[in-house]
Amino acid sequence: MLDLNKRISWVDIGKYICIIFILMIHLDSNTKVLEALYSPFCLNLFLFLAGYVYKHPSSFEIHIKKKIKGLFIPWLVLSNLNILMSVIFSFTRNRDYKTEFIMNLIQIREKGDGIWFVAALFVAFIPFYLINKIQDSKKRLFVFVGIAILCEAYILFFPQDVFPWGNNYLPWHIEYIGHAMFWMAMGYYFKNEWEKEFDQHNNVRFRIISGLVYLLTIYFSYYSGTWITNLLFNYASRFAGVIFIISLCKVMKTNRYISYVGANTLVYFAFHGKVYTVIQKVLESKCAYYYNLCLSDILLSSVIAIMMALLMSIILIIPAYIINRWFPWMIGRAK
């Protein structure tokens, strides 16, 4: 049904690590300490891996058909299904579902943008193909970096209140394209030009040093300074985090659980909120006092966040299996 033997094991390990942390992002038990450790690399590594597995097609028509099948249709189906399921699992009344469906189609960040990351990835892959047609490797990289800088400048300096929705984000995450393509390009270049040298240096000493560098960049990224220094430290922590996690993924041993979760992150993106809502409702109704007491303690809260993320990753195997078995078209796969 899903041949895990044909997949790249370290890529699925990386996706597994990222999706576990994404499951933790929306938890009440999440803490700033944990978030500081994983937020620099989490989504960026996903983008990196998307670029790593990218194979440049022979024509734009083939490319766009593939991305419609693999990203757009899954986003369209799963995001709207997610809204429909909210009727059952949200436990709230008087929700304006009509507005939610409309805002989902417009896709403005933080404004009801269901499964926004998949939609943003689909949009980013369109110019990514066109830029990759540039034959000169250095010129191509210069274009990716230039667009990323322009998008970062837009977010930093464009007025926040110019649009009626109250922020400077654009429909369909156009402002995110530069950032997404930059990390996708890093993954693409890594596979084609840098991976062999990386593997040669990926020993225990390298992993320890890269881990320490990552912690240092996280520490300094929280110091306030000029927008330039803040941006440089943010990118330094992102780079260090991605390098560190890749160095670990390359030597980690996988199993069917890790591989299966890593191969089905799209399903996890779509449905983890519903699973968490049910778990949280049970905890609040059965042991609210002890649950809230644990949340007030940093250590206990961190432990709960990790345990709940792992529990959700196991529960979500069920919808992942059902979709792969009977509705594979929903996630862009053949029957």
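Which helices each supply at least two residues of the nonpolar patch?

1. **Source of the patch.** This is a predicted model. Helix 4 (60-89) and helix 15 (317-326) are the helices in question, each with at least two residues in the nonpolar patch. Helix 15 gives the most, with four residues.

2. **Make-up of the patch.** The patch lies on the surface and is formed by Ile68, Ile73, Ile318, Tyr321, Ile322, Trp326, Phe327 and Trp329. Together these residues have about 770 Å² of accessible area.

3. **Ile318.** Ile318 counts as exposed because its relative accessibility is 53%, and the cut-off for exposed is over 50%.

4. **Second largest pocket: space and centre.** The second largest pocket holds about 1300 Å³ of space. Its lining consists of 40 residues. Nearest the centre of this pocket lie Arg7, Lys15, Val53, Gly70 and Arg333.

5. **Helices in the pocket lining.** Helix 1 (9-25), helix 3 (42-52), helix 4, helix 6 (116-131), helix 11 (256-263), helix 12 (265-286) and helix 15 each supply at least two lining residues. Helix 4 has the largest share, with five residues.

6. How many residues of the lining are nonpolar, polar and charged? The lining of the second largest pocket has 21 nonpolar residues, six polar and 13 charged.

How values were computed. Residues are numbered from 1 along each chain as its sequence is written. This is a predicted model: local features need pLDDT of at least 70, side-chain atom pairs count only at pLDDT 80 or more; totals for chains, interfaces and linings use all residues. Side-chain values use heavy atoms; hydrogens and water are left out. Patches are made of residues with over 30% relative accessible area and no salt bridge: like charges are joined within 9 Å, nonpolar side chains (Val, Leu, Ile, Met, Phe, Trp, Tyr) within 5 Å. Accessible areas come from the Shrake-Rupley method with a 1.4 Å probe; for residues, only the protein chains shown count as cover. A salt bridge is a side-chain nitrogen of Lys or Arg within 4 Å of a carboxyl oxygen of Asp or Glu. Buried means under 20% relative accessible area, exposed over 50%, partly exposed in between (1.4 Å probe, protein chains only). On a 1 Å grid over the protein atoms alone, a cavity is a set of points where a 1.4 Å probe fits but cannot get out, and a pocket is an open set with protein on both sides within 12 Å along at least five of seven lines; lining residues have an atom within 4 Å of a point. Grid points are joined across faces, edges and corners, and a volume is the space filled by probe spheres set on the points. Ala, Val, Leu, Ile, Met, Phe, Trp, Tyr, Cys and Pro count as nonpolar, Asp, Glu, Lys and Arg as charged, and the others, Gly among them, as polar.
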